[in-house]
Amino acid sequence: MAAFLKLKEISKNYTIGSKQIWALRDLSFEVTSGELICIIGKSGCGKTTLLRIIAGLEKQTSGEIILNGQALKDTGRERGMVFQEPRLFPWLTLEANIAFGIRGRMSRELEYKTVADLMEMVGLKGFAKAWPSQLSGGMAQRAAIARALAVDPAILLLDEPFSALDALTRTKLQTDFLHLWQRTQKTCIHVTHDVDEALTLGQKIMIMHSNPSRVGDIISLPFPYPRSLEDPELRAIKQRVLSLFIADSAD
Amino acid sequence: MTNVFKKTIMALLLPFVLVLVWELFSQMGWLNNYLLPPPSGIMDQLFALAHNGTLLNHLSASLYRVGCGFGLAFCLALPLGFLLGLVPRVQDYLSPFLNFLQQIPAIAWIPMFILWLGIDETSKISIITYSGFFPIFLNTMHGISNTDSKLKEVASTFGLSPWQIIVRVYLPSAAPSVFVGMRLGLSFCWRSLVAAELLGASKGIGYLIQEGRELAQPDLMLAGVLMIGITGLFLDFVFLRLEKTLLPWRNTQERREVPKWQPF
Ligand SMILES: Nc1ncnc2c1ncn2[C@@H]1O[C@H](COP(=O)(O)OP(=O)(O)OP(=O)(O)O)[C@@H](O)[C@H]1O
Ligand SMILES: [Mg+2]
């Protein structure tokens, strides 16, 4: 399939004090339509920076991003972002939070229906009138995913969305997210530092190296869902990913 | 409902005990009735004033001044606080000057205001406006400039224009702060009222106190003081209720402390 999102030699440097540091260096990769790709890498290797550049929240120092044949600049509704924290608007109820991106862009009835469907889909039915401060971390993160999906983006960017949750909730949300993705067939870039999460979700795993930050190996995972991490093939891949990680930490 | 009832009882307990002890001591003749008239005497005075209509007359004159002064302060402070809150780094230029003004109590300005604006309503309302301006202005400015940039980012990923971000993110995010500023502002307006009225007024609660002094009637003075306290409390209560209805999401969150601005 043709490349849907194309990153060409993206570089980003930051000035910290008088020092120049490269958060990303000549990073290139491609994502095809409908693909769920997991990016893993150790802390500080530039994963967040990469997603923020794709989302348009940060400007790359050099390089080009092409989505659907068009060069991207600035933020846009065709790219949905789910941040590490839920970032819900505290002054809006749960349903109003989910409706944030579509408010005023469609009829009230359609908006109401979209929000109700999404709440059902992410498992928040019955909490329409709750305030964000009344939600648990997992519920808030579900709401954040629903809010990003409401505008029907072409691509969903997720920055370690489950990392702040306890293990049980995380597993539950991973499963639910997988169903959601199978239902919507959205192109997703899912950043994580959890190897198990990447193996559970990804059709592809991209390993990011640090110093300088670059694309390391891309591993395909042509396994059906739901997956068991006890599967010998997956276990072998996990070993490989971990050894690549260790090699990265060494230098 | 029982909770509200319990809270009211708890709030009234201390004043009740104080008044009871005070009245008791007066009845026993342990207090000088001229220097400290008994609560019953003050109540008699209040009822008499209420009965012949003077109380309402004075109170409405005072409320009118505070209404005008606060309204004016609000109309000036809100847009200004808003604009300056949106401009980054403007606080570096403003803070020292505002700090300087903060050291000057409203009473210190009274003679100058009278010189500039005459002795009638204009100068009184100006004093009240001055007292109310800063808390509203500062809290609005802080509210706007402290808008969480993480939420601004969320809004911009949805492709909102700068104007939409102002209306849909900055405004609601600053609203609690604006409310705090308004509550403080109103309270400061009310407090500075008496200072403004002590100088050359012919009606108003401040004038009532002044009259009590001239007629050597401590019960009249204390009745005036009591009225100021009660009305202030009532206005604050109204504002708190208003905040609860207009910002329902705040009820589920813990409240944070706000910077205070002391005019006196
Ligand atoms: N605004 C910034 N100013 C300066 N340097 C920055 C900025 N943002 C990120 N960096 C630097 O860029 C590098 C990559 O940061 P980034 O947040 O993308 O890492 P990450 O892979 O997301 O890490 P983590 O897994 O801990 O979230 C870091 O070395 C960081 O110091
Ligand atoms: Mg990160």
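Chain B averages a pLDDT of 88, and 95% of the residues score at least 70. pLDDT is the predictor's confidence in each residue, from 0 to 100. This is a predicted model, where local features need pLDDT of at least 70, side-chain atom pairs count only at pLDDT 80 or more, and totals for chains, interfaces and linings use all residues. Residues are numbered from 1 along each chain as its sequence is written, chains are lettered from A and ligands numbered from 1 in the order in which they are written, and side-chain values use heavy atoms, with hydrogens and water left out.

A few more scores. The model has ipTM 0.89 and pTM 0.85. Among the elements of chain B, helix α7 (residues 149-157) has the highest mean pLDDT, 95. Helix α4 (residues 90-102) has the lowest, 83. Then look at residues 256-264 of chain B, where pLDDT stays under 50. For that stretch the model has 25 contacts beyond four places in sequence. Contact here means heavy atoms within 4.5 Å.

Now the overall build of chain B. It has 10 helices and zero strands. Helices (H or I, at least four residues) and strands (E, at least two) are DSSP runs, numbered from the N terminus. The C-alpha trace of chain B spans about 75 × 55 × 30 Å along its principal axes. Of the 264 residues in chain B, 42% are buried. Buried means under 20% relative accessible area, exposed means over 50%, and partly exposed is in between, with a 1.4 Å probe and protein chains only. Take the contacts in chain B with a separation of 6 or more: 75% of them join residues 24 or more positions apart.

Next, one helix pair. At what angle do α1 and α2 of chain B pack? Helix α1 (residues 2-27) and helix α2 (residues 39-51) of chain B pack at about 105°, and their axes are 8 Å apart. Axes are lines fitted to C-alpha atoms, for helices over the stretch in contact, and angles run from 0 to 180 degrees between N-to-C directions. α1(B) and α2(B) are therefore roughly perpendicular to each other. The cut-offs: under 35 degrees is roughly parallel, over 145 roughly antiparallel, 65 to 115 roughly perpendicular, and the rest oblique. From α1(B) come V19(B), W22(B) and E23(B). They meet P39(B), S40(B) and I42(B) in α2(B).

On to I127(B), in helix α6 (residues 121-145) of chain B. I127(B) is buried, at a relative accessible area of 2%. Setting aside neighbours within four places in sequence, I127(B) is in contact with A106(B), W109(B), I110(B), F113(B), S192(B) and A196(B). Take I110(B) from that list. I127(B) and I110(B) are 17 residues apart in sequence, and 6.8 Å apart in space, C-alpha to C-alpha.

Helix α9 (residues 205-214) of chain B is next. Which of its residues are buried? They are I205(B), G206(B), L208(B), I209(B), Q210(B) and G212(B). The buried residues of α9(B) pack against α2, α3 (54-86), α8 (162-198) and α10 (218-246) of chain B. After α9(B) comes A216(B), in the loop between α9 and α10. Phi of A216(B) is positive, near 55°. A216(B) is partly exposed, at 39% relative accessible area.

Most residues other than glycine have a negative phi, and most peptide bonds are trans. Chain A brings a further positive phi: D26(A), near 45°. D26(A) is in strand β2 (residues 19-32) of chain A, and is partly exposed at 46%. Chain A also has a cis peptide bond between Y225(A) and P226(A), with omega about -10°. P226(A) sits in the loop between β10 (214-220) and α7 (232-250) of chain A.

Another loop in chain A, between α5 (167-184) and β8 (187-192), holds K186(A). Is K186(A) buried or exposed? K186(A) is buried, with a relative accessible area of 10%. Not counting residues up to four places away in sequence, K186(A) touches G34(A), E35(A), L149(A), D152(A), P153(A) and W181(A).

Last, the cysteines. C38(A) is buried, at 0%. In chain B, the sulfur of C68(B) is 11 Å from the closest cysteine sulfur, in C75(B), again too far for a bond. C68(B) is partly exposed, at 27%.

Note on methods:
Disulfide = S-S within 2.5 Å.
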